[in-house]
Amino acid sequence: MKKILFFMVAMFAVMAMEAAVVKGKIVDAGGAALDFVNVKLTSKTDNASVYGAISDENGQFAVEGVSAGEYELDITFVGYQTIKRSITIKSLNEQVALGKLVLREDAKMLGEVEVVGQASQMRFDIDKKVFNVDQNLAASGASASEMLQGIPSVDVDNEGNVSLRNSTSVEVWINGKPSGLTEENRAQILEQMPAGSIEAVEIITNPSAKFNPEGTAGIINLVLKKDRKAGYYGSVSAGGMYNIGSPAPGAHVGANFNYNSSLVDFYANIGLRYMNHESENYTDRYSFERLAMDSYDDVREQWGDTISFLNTLSDSRRNFWGLFARVGADFHINDKNSIGISFMGHGGSNGSRNLNTYTRVDWAGMDTTIYERENHQTGIRPSYNVSLDYVYEIDKKGSEVRTSIEYSGHQRSGDYVYEQRAIEGWSPEYTQIQRQNGKNQSTRYKLDYTQKFGQTMKLEAGLYGSWQQRLSPSRAWNMEGEDSLLIQFNDFDYEEWIAAMYATYGAKFGPFSMSVGLRGEYTNTYVRTRDIEEESAWQATRRSYFQVYPTAFLSYAFPNNHELQANYTRRINRPRGRQINAFRDMSDSTNISFGNPNLDPEISSAVELNYLKTWDNHAISAGLYYRFSDNEMERVRYLGEDNVMYTTFENVARRQRAGLEVVAKNKVTKWLNLTTTVNCYYSAMDSVFYDTDLDGTLDLLYPFQQSFSWNARIMANFLIPMGWSAQLTGMYRSPDVVAQGKSNSQYTIDLGVRKSFLDRKLNLALSVRDLLNSRRWASTTWGDNFWQYSSHEPRGTMFSLSLTYNFGSMRAKKQRPQSGGMDMGGDGMDEGMDF
């Protein structure tokens, strides 16, 4: 692997020596830098020779890999007059510096434009993909969780669990930081957060050594809106949503406000949501006698005679209201120093009612028992995050020192009441109460140093430290009249310390970009649990380990807008929360789940090779990826002798994933453009053994598995005169192999329509999610003594109507460096491929 990497670096470096560079800076008439301006060089002798670039946030651009010859330079930007120049490149090592180029507004064009264009929805950098969701009409009035379902490579299941490229080992950050989101509260926070507060979603499958290596699949970073316009700017919105079949509609209101001056940038966001959801769950389970066999290739070969059949029909109703608030300010002390402070909080309450009806048939005597279990739940989950940032700008080239400290707190409390009643035949009747509380707190500190050497080299180094604690007491009682009997006691206390340091180096040699990095982390964890209320009952486990995480990124820009990228990273998935908490969830008496305190971290290595190609009206990105994971953490299920399904977590085996992801953007006509994503992947997992009956003997849960699956998503944007626009999105996911079984296929269609009034200050948006009412999750699983089919079906298509009014000044001002998006430190030039 090292020899191959060295050969690739050497090959790209030699190729990079033989190309010229054309660079400059683009500003408006007032001298403010203009970003995302298109720069194109066309050969006068060979029209097929086309080179291009896009200006960065400082207005700077560099067209790399230019051959000798005569060229026509075109600089274009919507609403501005085009700049045309003739340029002659005499030698391959020449650097042409054009200096400042002034774009002037085209008053005629601004007056005649009838079709309102949409901002670029996709941008590819050397180590991340950026999706602009501000133009996602189907997400109008939606939550952040619903919005993520429309992002390529991202999926959100019926429980709100987020996955990236079919892996749930993913980190979700807000503005480049964890911001208090954990696997325990992430689903609830994303459900409360309005999609209208999010400007972009960054998908980083292989982050650089500058960032926490947590999450083997990568990082999903939500960039919140923080407009940089002179004066003040904001919006207010309100709307309602309704699920067909729901007992009542939902509603949402929100507001955004920004004020910017030379001394301070102030921003505030607030959103309030109320929602109702209904769904239906269906399960069929057969249990079998287990045959004693010395060897077998499939656990189903152990099935003997049928013992029983169990059907479960669950009717679920859930409602919640949530408040999301964010406020902050950046103070510009002088040209070199700035301080930022921000607060983000979530609050609200939720409630649910589930009615489960069980039909059990004992196969031998064909005796039938029918009983029902009614569950009621109420709870609250407030959380908050406070951060303080300081930036010192060393020079105008981008060299800086950036430091930040943040504190996050999250509390949760829930009361559950379970009532079981017999309908036909004999079944125990009882009432149980379960109470779960929790308190999480964490502190993180970062110090980042960046030194840029001209426009072609960048060195980064930094320190990182974090501490977090998770307390989770839970109790359960059997109620007998006015008396109660304690039947479950569980206290869980988890503490974690991480200390890290890193260094990265990035450089550009003509069209060749590279970045290498190394991060070292020391981790110490302390876990305490007890199952009775005595101090002597605490059982403690302490672990410490040191890991090194190397990263490497290579990129070469060929003539005619071709680019080839390769990268490698090593990452970790640490077990936390419910994965290691031995607490037993009793909401379904036939399905009991609990954690495993003895889980080990999962280590993963990933390699990617990406190819980018752009034309005037088309663009394509194709990426090959391979990921190898050791100590893969998976859910395992086994059927106990009491006919109860037990679910826990285990380091099951080694797993390999390989795939091809293709993203294409096509401007079909002036009024229609298409964005298409196709992901095909292969997955293989070694055989898995687990001590299901705790007798010291490992039982085969499932043998070696391999599968090929694919999914596709297509988004059609329609630009219509008179202030109308529309968007149609379709998604299909093929059947896939999961632990101990397979999941069924899934498809859905979303629709969004928007009409603008009052010179685009007022916008009315209608969105229809799951137009065909086809969104559902179903799977088939099996073990050596059971077969089970399960499905979850949300009820009804959702209609959402939103009204937004924008106010304030609309003049853009020169941008300062700001937090939010993640500067990955990839190529040292902060340039990307804009779709």
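Predicted model: local features only at pLDDT ≥ 70, side-chain atom pairs only at ≥ 80, totals over all residues.
The chain contains four helices and 46 strands, and of its 835 residues 54% are buried. Among the contacts with a separation of 6 or more, 68% are between residues 24 or more positions apart.

The count of aromatic pairs comes to 14. One of them joins tyrosine 416 and tyrosine 418 in a tilted arrangement, with 6.4 Å from centre to centre and 35° between the planes; tyrosine 416 is buried at a relative accessible area of 18%, and tyrosine 418 is likewise counted as buried, at 2%. Tryptophan 671 and phenylalanine 718 form a stacked pair, with centres 6.3 Å apart and an angle of 20° between the planes. Because tryptophan 671 lies in the loop between strands S33 and S34, whereas phenylalanine 718 belongs to strand S37, this pair ties together parts that are 47 residues apart in sequence. Tryptophan 671 is partly exposed, at 46% relative accessibility, and phenylalanine 718 is partly exposed at 24%.

Charged groups also sit over aromatic rings: the charged end of arginine 475 is 3.7 Å from the ring centre of phenylalanine 489, and that of arginine 584 is 4.4 Å from the ring centre of phenylalanine 594.

Strand S1 (residues 20–27) runs parallel to S7 and is joined to S7 by six bridges, with lysine 25 standing opposite lysine 100 in S7.

Conventions:
Residues numbered from 1 in each chain as written. Heavy atoms only, no water. Helix = DSSP H or I, 4+ residues; strand = E, 2+ residues; numbered from the N terminus. Buried < 20%, exposed > 50% of the residue type's maximum accessible area, 1.4 Å probe, protein only. Contact = heavy atoms within 4.5 Å. Pairing = 2+ DSSP bridges. Phe/Tyr/Trp six-rings, centres within 6.5 Å; stacked < 30°, edge-to-face > 60°. Lys NZ or Arg CZ within 6 Å of the ring centre and 35° of its normal.
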